[in-house]
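Thanks for asking me to look this over.

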Amino acid sequence: MSEVKKIATRESYGHALVELGKEHEEVVVLDADLAEATKTGIFKKEFPERHIDCGIAECNMMGIAAGLAATGKVPFASSFAMFAAGRAFEQIRNSIGYPHLNVKIGATHAGISVGEDGATHQCNEDIALMRTIPGMVVINPSDDIEARAAVKAAYEHQGPVYLRFGRLAVPVINDRPDYKFEIGKGVVLKEGTDLTIVATGLCVNESLAAAAKLEEEGVHAQVINIHTIKPIDADLIAEAAKKTGKIVTVEEHSVIGGLGSAVCDVLCEREPVKVLKIGMNDVFGESGPAVKLLEKYGLDAAGIYAKIKAWL
Amino acid sequence: MDVIELKKIANEVRKGIVTSVHSAKAGHPGGSLSAADVFTYLYFEEMNIDPADPKKADRDRFVLSKGHTAPGLYSVLAQRGYFPVEDLKTLRHIGSYLQGHPDMKHIPGVDMSSGSLGQGISAAVGMALSAKLSHDDYRVYTLLGDGEIQEGQVWEASMFAGHRKLDNLVVIVDNNGLQIDGNIADVCSPYPIDKKFEAFNFHVIADVDAHDFEALRAAFKEARETKGMPTAIILKSVKGKGVSFMENKAGWHGKAPNDEEYAIAMDELEKAGEALCQK
């Protein structure tokens, strides 16, 4: 078997910004002293005059982005998820969300796969925070291909978009000719009849691997990639619940308020079934290599498989 | 426009403030009245705007960072012809477009939604930066409260504006000396305000009498002529200016007059208006 290509979605973000920058003069990229890490540095190299380093001042950066959007630019404001969605939550809510300004927030280093920096920098709350803001689109791509498509789709969408990217290099899983990205449309990656695993971000690949293991044992798990957590693909989720009767959600995020909660919001109104939420169980992360942390917190294929087995 | 005309308009703006806040039975008259003259100067003299075309691309922008003084902004916008003066009475009423704090999506002439203190200045800085990026000539004005500058974000924005030499930006601080909990010098003193903006690489015009149109004219002229750095105009103002019982009273920061107080206030403003007509 050939080596699987692995790319961090933050890297995809940087490259996608360059592509957008070439086509659209009004694209402006903001960063808060993390251009090297968020990969907006790739854009800076190509378009130094349109890369605005705001210094370590994320709240101000969001306000500047609002002002740029109010005057016709399309700003991509970038920082770690913790400091974008976390620190600048109220600025995003009041200066961007309330006036529904056309600001794109590129949040990298989401979840525990930040790794060694530890809990202060591992944001497991951003999806929950962002999806409560009226009119905010929340996207958590699963790989390089999806991340690039998401950046383009975010540009084409009128209004605020929260894009969630990771630090860890993850396998490319969407490299197929018929791949299409549409905001708000989930993707069935594997058909199944016994249960449906609804996953997002880097957990999609891990869920596919877990499903393959279940398949070996005669458990037919369907796998859905929900790259857009808001607006969520309610029809697809309700259909899956009707078809398979059980739902498992998997996310590198708190089980409170994230994908699992969004899926439950849909199900309890439309198709009440049993749900297992896999994610960070109301705990902070810790320092360590990303892969080890995913293993420790049960967010890798083995952990997902084990939790599903125990639940079934 | 001569000073008497500006004073007459400002007096009408004050009537609109008192009327709208009275009708809303809530709102912020003190800081609206202290800024009534600068609102008038900006919208009738200083800014390149067109009420018939509120979104024209090359207009100057105004961001009311101290968004709670929306009654002052709405009143001047109405006087300038953006919407009917009569609508001021719907302030804060359910279903009205005149929200408690500025709402750019629904109010003609409002360039930025604001109200959470410290945030408007950042948006104004973004607008000024935007003009620089695309070589546009419009200027950006933002009005802050003196209590508001206790917010750290104000200084993040100021550091950035100074660093980027945004000479198309004018930051105005309405230094009326009072905030909700009392005297700003007692609550958490932001003084010296001028030295702080100087330290952030602003050209500072301090101690400008907020109620003297010639002083305002000179200050904004100086700001316009300042190149290579943003300007901060520190206005020395009287909170509640124009309504005797509201002047210099922190208690009138966010309180509506009752019917009796409203009648007294309007009577005072009527008389002030009549006196101006005698001149």
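1. Which residues of α6(A) are buried? They are A:Q91, A:I92, A:N94, A:S95, A:I96 and A:G97. Please keep in mind throughout that this is a predicted model. The buried residues of α6(A) pack against α4 and β5 of chain A, and also against α5 (120-133) of chain B. That makes this helix a handy place to start, and the next points follow its neighbours.

2. Let us take the contact between the chains next. On the chain A side 23 residues take part, and they are in contact with 20 residues of chain B. Both α4 (58-70) and α6 (89-97) of chain A supply at least two residues each to the side of chain A that touches chain B. The largest share of that side comes from α4(A), with nine residues. Sorted by class, the side of chain A that touches chain B holds 12 nonpolar, nine polar and two charged residues.

3. Now for β5(A), the strand that α6(A) packs against. Strand β5 spans residues 104-108 of chain A, and five of its five residues are buried. In a regular strand the side chains alternate between the two faces of the sheet. Here A:K104, A:G106 and A:T108 point one way, while A:I105 and A:A107 point the other way. All of them are buried, whichever way they point.

4. What does β5(A) pair with? One partner is strand β4 (residues 74-80) of chain A, paired in the parallel sense over five bridges. Another partner is strand β7 (residues 161-164) of chain A, which runs parallel to β5(A) and is joined to it by four bridges. There, A:G106 stands opposite A:L163 in β7(A).

5. Stepping back, these strands belong to an open sheet of seven strands in chain A, in the order β3-β2-β4-β5-β7-β6-β12 and with mixed pairing. The edges are β3 (51-53) and β12 (228-230) of chain A; each has a single partner strand, so one side of each is left without a neighbour in the sheet. Ignoring direction, neighbouring strands of this sheet are turned by 20 degrees against each other on average.

6. Helix α8(A) lies across β4, β5, β6 (137-139) and β7 of chain A, and runs at about 170 degrees to β7(A).

7. For chain A overall, I count 13 helices and 14 strands. The radius of gyration of chain A is 18 Å, close to the 20 Å that the globule rule gives for 312 residues, so chain A is as compact as a globular protein of that length. Of the 312 residues of chain A, 60% count as buried. Among contacts in chain A between residues at least 6 apart in sequence, 79% join residues at least 24 apart.

8. Chain B has 10 helices and seven strands. Its radius of gyration is 17 Å, close to the 19 Å from the globule rule for 279 residues, so chain B is as compact as a globular protein of that length. Buried residues make up 54% of chain B. The unreviewed UniProt entry lists residues 7-263 of chain B as "domain: Transketolase N-terminal". That span is 40% helix and 13% strand, and its end C-alpha atoms lie 21 Å apart.

9. A few backbone details deserve a look. Most residues other than glycine have a negative phi, and most peptide bonds are trans. The bond from A:K230 to A:P231 is cis, with omega near 0 degrees, and A:P231 lies in the loop between β12 and α10 (234-244) of chain A. The bond from B:Y191 to B:P192 is also cis, with omega near -5 degrees.

10. Finally, which phi values are positive? Phi of A:K39 is near 75 degrees, and phi of B:K165 is near 55 degrees. A:K39 counts as buried because it has 26 C-beta neighbours inside 10 Å, whereas B:K165, with 14, counts as partly exposed.

Terms used: Residues numbered from 1 in each chain as written. Chains lettered and ligands numbered in written order. Predicted model: local features only at pLDDT ≥ 70, side-chain atom pairs only at ≥ 80, totals over all residues. UniProt positions renumbered as here; feature names shortened; annotations may be inferred. Rg over C-alpha atoms; globule rule 2.2 N^0.38 Å. Buried ≥ 20, exposed ≤ 12 C-beta atoms within 10 Å, placed from the backbone. Contact = placed C-beta atoms within 7 Å. Nonpolar A, V, L, I, M, F, W, Y, C, P; charged D, E, K, R; others polar. Pairing = 2+ DSSP bridges. Axes fitted to C-alpha atoms, helices over the stretch in contact; angles between N-to-C directions.
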